[in-house]
Amino acid sequence: MKVTALVNDTIGTLAGGRYDDNDVVAAVILGTGTNAAYVERANAIPKWHGLLPKSGDMVINMEWGNFRSSHLPLTEFDQALDAESLNPGEQIYEKLISGMYLGEIVRRVLLKMTEEASLFGDDIPPKLKIPFILRTPHMSMMHHDTSADLRTVGAKLKDVLGIQGTSLKTRRLVVAVCDIVAKRGARLAAAGIHGVLKKLGRDIPGSDKHRTVIAMDGGLYEHYTIFSETLENTLREMLGEEVSSSVVIKLANDGSGIGAALLAAAHSQYLEAEV
């Protein structure tokens with residue numbers, strides 16, 4: 001095998017998005033994990049000491065999943081999840097917003113409610129004690145249940161957690177927990193995107209009305225409608241109507257694979273030109 005380019009999914013999504021639309025300035029992955037990358041002016045990078053690229057631009061792979069700050073609203077559930085994880089103290093932002101962890105946060109909240117308020121009766125369902133048994137797709141299905149008796153919620157509680165005969169009141173409580181956890185994650189993800197746009201100076205009203213496109217990939221954003229809608233609404237809220245009218249989030253389906261192929265092809269062409 002001849003390796004031409006080694007590209008992570010975020011850089012691939014940015015490359016594919018930029019090839020398709022020159023107004024793409026950033027790429028965000030919101031799936032099992034999360035990351036972001038953006039195009040920065042090379043002269044704005046303090047760590048850069050070599051020759052500046054001809055374009056004057058440089059791609060920054062943020063690895064934003066590892067962001068942590070005293071300003072992040074960590075609850076006892078987040079702290080316990082982190083402490084019991086394979087990488088304590090790392091990927092804190094990812095543990096708040098990505099598909100790997102949202103379902104697990106919901107499970108931990110439901111377990112606490114069961115222990116302290118007998119949410120599912122006097123006995124604690126054994127399966128509710130199993131970490132990561134409740135996955136984000138299960139959470140999404142319950143959250144999007146629009147039936148009058150919330151039958152999907154009842155079915156998921158039975159099939160995944162072995163909890164039978166739940167009342168409508170209990171099912172509504174479960175949906176409310178899903179709503180809080182998903183919307184918190186979406187709002188925090190939107191804050192991250194806002195931070196990137198702020199760094200690029202694309203958050204200022206009244207400046208040149210340049211179109212700003214964010215290439216987005218990942219199953220969480222694509223399939224969890226309430227999450228993606230909350231993210232978009234929050235970004236609009238943070239940017240204001242004037243600025244947000246020129247900001248577009250574009251779903252880039254398998255953008256990473258296409259972008260990686262484009263980078264490899266471009267690099268091969270560059271090597272041929274040198275010969």
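Student: Leaving aside its neighbours within four places in sequence, which residues is asparagine 35 in contact with?

Tutor: This is a predicted model, in which local features need pLDDT of at least 70 and side-chain atom pairs count only at pLDDT 80 or more, while totals for chains, interfaces and linings use all residues. Residues are numbered from 1 along each chain as its sequence is written, and side-chain values use heavy atoms, with hydrogens and water left out. Contact means heavy atoms within 4.5 Å. With neighbours within four places in sequence set aside, asparagine 35 is in contact with Asn8, Thr10, Ala27, Val28, Ile29, Asn61, Met62, Glu63 and Trp64.

Student: Is asparagine 35 buried or exposed?

Tutor: Asparagine 35 sits in strand 2; strands (E, at least two residues) and helices (H or I, at least four) are DSSP runs numbered from the N terminus. Buried means under 20% relative accessible area, exposed means over 50%, and partly exposed lies in between, using a 1.4 Å probe and protein chains only. The relative accessible area of asparagine 35 is 6%, so this residue is buried.

Student: Which backbone atom does the side chain of asparagine 35 reach at 2.8 Å?

Tutor: A polar contact is a pair of N or O atoms within 3.5 Å; within protein, one must be able to donate a hydrogen and the other to accept it, and residues adjacent in sequence count only if both atoms are side-chain atoms. At 2.8 Å, the side chain of asparagine 35 reaches the backbone nitrogen of glutamate 63.

Student: What is the phi of glutamate 63?

Tutor: Glutamate 63 belongs to the loop between strand 3 and helix 2 (76-83), and this residue is partly exposed, with a relative accessible area of 42%. Most residues other than glycine have a negative phi. Glutamate 63 is not a glycine, yet its phi is positive, near 50°.

Student: In what order do the strands form the open sheet?

Tutor: Two strands pair if DSSP finds at least two bridges between them. Strand 3 (57-61) and strand 5 (247-251) each have a single partner strand, so they stand at the edges. The pairing in this open sheet is mixed, and the 5 strands follow the order 3-2-1-4-5.

Student: Which residue stands opposite valine 24?

Tutor: Strand 1 (residues 24-30) and strand 4 (residues 212-217) run parallel, joined by 5 bridges. The residue in strand 4 that stands opposite valine 24 is valine 213.

Student: At what angle does helix 9 run to strand 5?

Tutor: Axes are lines fitted to C-alpha atoms, for helices over the stretch in contact, and angles run from 0 to 180 degrees between N-to-C directions. Helix 9 (residues 225-239) lies across strand 1, strand 4 and strand 5. Its angle to strand 5 is about 160°.

Student: Which residues have the most contacts inside the largest nonpolar core?

Tutor: A nonpolar core is a set of buried Ala, Val, Leu, Ile, Met, Phe, Trp, Tyr and Cys residues joined through side-chain atoms within 4.5 Å. The largest one has 61 residues, and helix 7 (residues 168-199) gives the largest share, 13 residues. Those with the most contacts inside this core are Leu30, Ile193, Phe227 and Leu231.

Student: How far apart are the closest N and O atoms of arginine 107 and glutamate 104?

Tutor: A salt bridge is a side-chain nitrogen of Lys or Arg within 4 Å of a carboxyl oxygen of Asp or Glu. Arginine 107 and glutamate 104 both lie in helix 4 (residues 102-117), 3 residues apart, about one turn of the helix. Both are buried. In the salt bridge between them, the closest N and O atoms are 2.8 Å apart.

Student: Which residues of helix 5 are buried?

Tutor: Helix 5 (residues 136-143) is mostly covered, with 6 of its 8 residues buried. Helix 4, helix 6 (151-161), helix 7, helix 8 (219-223) and helix 9 are among the elements that cover them. The buried residues are Thr136, His138, Met139, Ser140, Met142 and His143.
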